[in-house]
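Please study the sequence and the structure before reading each solution.

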Amino acid sequence: MTTHFKDAALRAIAIEREAIDALNQRINDQFIKACEVIMACQGRVVVTGMGKSGHIGKKIAATLASTGTPSFYVHPGEASHGDLGMITGQDVVLAISNSGSTSEVLTILPLLKRMGAPLISMTGNKDSVLAKEAVANLDVSVAQEACPLGLAPTSSTTATLVMGDALAVALLDERGFSAEDFAFSHPGGSLGRRLLLRVSDIMHSGDRIPMVRENTPLNAALLEISLKGLGMTTVIDDSGQMTGIFTDGDLRRTLDHPLDIHTTPIQEVMTRNGKTIFEDQLAAEALKLMDELKINALPVINRSGELTGAINMHDLLKAGVI
């Protein structure tokens, strides 16, 4: 019984792999035409399809929308009962049907043609009505379904999904769509946080910045570090310019030398010209810098070199950047 499960699964995978491999020959003039029509679109790509084709269509619409091609899904049955009003002549319709003769899809074709919305089809039958009515037909036909009965859409839906991904990626590349563009569509995800969050969004500012003057005794500087909780303090001169930084690491090195923490000024043991980061840089850049330097905190400055904040590894962790 166990062997039977394994053999059936491997056979299904092999059939679906063959269906995907066959798509290599389908990236042709029709595919290029479909890309050109979508690139020229002034509206959105409206994806439609019934049953399993509809489920695949929803995923294709979502992929297009998240990669720079505004898109949404419309159920063809609902389109005949009012949702057709969601489509305009400025849109491009991507209709999916393995047979190319799905009645719910064919019903709305005359209306789409009347409004002037270009039609792109994905079909398993290039001689079907849907394929012939389209300005471009993407051939997603398969030799056989992975289902041993040849009934359940399996390899055909896989081929359609892969063709949809190929279309989305081709359009993404042509648009010069960047990782930051992608992040704007995914602000709630970890990628969005890494690519959109600025240092200024999470830094400690104002009275929360650990700060002492150059002549501050070491023990008072340690109290400031403890009070602000960032594992370091910045050091400023009488004009308010930052001249150094004192961290937990500096403290460990300082304790190796005999000195009086009550009388030694912080300027004698601080690190001068310490690393800083600009407030308008990405929080992910702060993480990279801290990781490279093996440090846990950074002073933050503006483009004029003025101290405006401080940030540490815990802030990045709390913000979800790590």
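A residue is called buried under 20% relative accessible area, exposed over 50%, and partly exposed in between (1.4 Å probe, protein chains only). The model is predicted, so local features need pLDDT of at least 70 and side-chain atom pairs count only at pLDDT 80 or more, while totals for chains, interfaces and linings use all residues. Residues are numbered from 1 along each chain as its sequence is written, and side-chain values use heavy atoms, with hydrogens and water left out.

**Exercise 1.** Determine how helix H2 and helix H7 pack.

Solution. Helices (H or I, at least four residues) and strands (E, at least two) are DSSP runs, numbered from the N terminus. Step one: H2 covers residues 29–39 and H7 residues 155–175; their axes are 10 Å apart and form an angle of about 55°. Axes are lines fitted to C-alpha atoms, for helices over the stretch in contact, and angles run from 0 to 180 degrees between N-to-C directions. Step two: H2 is therefore oblique to H7. Angles under 35 degrees count as roughly parallel, over 145 as roughly antiparallel, 65 to 115 as roughly perpendicular and the rest as oblique. Step three: with contact meaning heavy atoms within 4.5 Å, H2 contributes Phe31, Cys35, Ile38 and Met39, and the residues of H7 include Met163, Leu167 and Arg175.

**Exercise 2.** Describe the salt bridge between Asp139 and Arg26.

Solution. A salt bridge is a side-chain nitrogen of Lys or Arg within 4 Å of a carboxyl oxygen of Asp or Glu. Step one: the closest N and O atoms of Asp139 and Arg26 are 3.6 Å apart. Step two: Asp139 belongs to strand E5 (residues 136–139) and Arg26 to the loop between helix H1 (2–21) and H2, 113 residues apart. Step three: Asp139 is buried at 18% relative accessible area, and Arg26 is buried at 14%.

**Exercise 3.** Which parts of the chain does the salt bridge of Glu133 and Lys113 tie together?

Solution. Step one: in this pair the closest N and O atoms are 2.6 Å apart. Step two: Glu133 lies in helix H6 (residues 129–133) and Lys113 in helix H5 (residues 103–115), so the pair joins parts that are 20 residues apart in sequence. Step three: Glu133 is partly exposed, at 38% relative accessible area, whereas Lys113 is exposed, at 56%.
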